[in-house]
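Have the model open beside you as you read.

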Amino acid sequence: MMLCGRYTLDLTRPRVMGILNVTPDSFSDGGRFDALPRALAHAEQLLAEGAELLDIGGESTRPYADPVSPEQEIDRVLPLLERLQGCGVPLSLDTRRTAVMRAALDVGIDLVNDVSALEDEGAFALMAAHDVGVCLMHKQGNPGSMQQDPRYRDVVAEVGAYLQRRVELCLAAGIRRERLLVDPGFGFGKTLEHNLDLLRALPELEGQAGVPLLVGMSRKTMLGAITGEQIPAERLGASVAVALEAARRGAAVIRVHDVKATRQALQVLVALDQNSSSREN
Ligand code: HH2
């Protein structure tokens, strides 16, 4: 059981987290004004498709993305969080800024999904003072430059040691283990080979950290590299395949754009894992 703000999550079967971005359309002025209704419509769709958590982000952390100020990030996510109170599933906030976390906690969130694993000043103390879940992600470098030349001596050992250390720091700060998730951070300063090594090593990473895993590979560049598909939204087959492989290796929360297809795939996995009623195992 994971303690996740207003919710307790049963992670004995994998859960689907739907990605809800509220980043305005850069190429049209109109985008700024209809960003909220568009995000709300998208949230409704994700929920109808069976999203079991919503991950709301106001800063793009994609490679080469432009930086956004904390104020801009707050302006983007707060109205959406207000409107999604009572939507029935845990609300996760994808941010690396303490100021944004603080503002969102006042409105109501259940999980902080931090791609910098609480490295911003004051983040540990803020999390210790609340009961939300916390996802600690590994990354090498920053979005502006992280994909230029990522290097590791042993990617699994280094990412594993980092996540273990961040978990220990949380525990030392008074954040209970039952509130934590860790994430190897696919695509965050990693080559395709690094990403595949990490995917293979998920059971080892989970064992080392001692907390459940969240993974996010949906539509990412690594899948473009494997398939040759240039358009992210056209990487559905590959996205579902890696979601399934991650779940088979123990991932507890899978962060995806395509909720319906991922849930169906995971339902097959769960059905297969249940004991057969008519045959000896
Ligand atoms: N990836 C992205 C953003 N947040 N959080 C966690 N915990 N793990 C991830 O792998 C992760 C994340 C970037 O994902 P992408 O889908 O490329 O961009 P966006 O989420 O902005 O659509």
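A polar side-chain atom of Asp 183 lies 2.5 Å from a nitrogen atom of the ligand. That is a polar contact, meaning here a pair of N or O atoms within 3.5 Å. The table sets it beside two others of this kind.

| Residue (side chain) | Ligand atom | Distance |
|---|---|---|
| Asp 183 | nitrogen | 2.5 Å |
| Arg 255 | oxygen | 2.6 Å |
| Asn 113 | nitrogen | 2.7 Å |

The protein covers 94% of the 480 Å² of accessible area that the ligand has on its own (Shrake-Rupley method, 1.4 Å probe).

Before going on, a word on the model: it is predicted, with local features needing pLDDT of at least 70 and side-chain atom pairs counting only at pLDDT 80 or more, while totals for chains, interfaces and linings use all residues. Residues are numbered from 1 along each chain as its sequence is written, and side-chain values use heavy atoms, with hydrogens and water left out.

**The shell around the ligand**

There are 16 residues around the ligand, and Asn 21, Asn 113, Asp 183, Lys 220 and Arg 255 come nearest (a residue is near if one of its heavy atoms lies within 4 Å). The shell divides into six nonpolar, five polar and five charged residues, with Gly counted as polar. Strands β3 (15-21) and β7 (133-137) each supply at least two residues of this shell; strands are DSSP runs of at least two residues (E), helices of at least four (H or I).

**The pocket**

Where does the ligand sit? Its place is the largest pocket, where more than half of a molecule's atoms must lie within 2 Å of the grid points. On a 1 Å grid over the protein atoms alone, a pocket is an open set with protein on both sides within 12 Å along at least five of seven lines, whereas a cavity is a set of points where a 1.4 Å probe fits but cannot get out; lining residues have an atom within 4 Å of a point.

The largest pocket has a volume of about 780 Å³. Its lining has 36 residues, and Arg 62, Pro 63, Ser 218, Lys 220 and His 257 lie nearest the centre. Helix α8 (221-227) gives the most to this lining, with three residues.

**The cavity**

The largest cavity holds about 40 Å³ of space. Ser 218 and Arg 255 are among the residues that line it. α9 (236-248) and β10 (253-256) each supply at least two residues of that lining, which has six nonpolar, three polar and one charged residues.

Terms used: Polar contact = N/O pair within 3.5 Å; in protein donor to acceptor, adjacent residues only side chain to side chain. Points joined across faces, edges and corners; volume = space filled by probe spheres on them.
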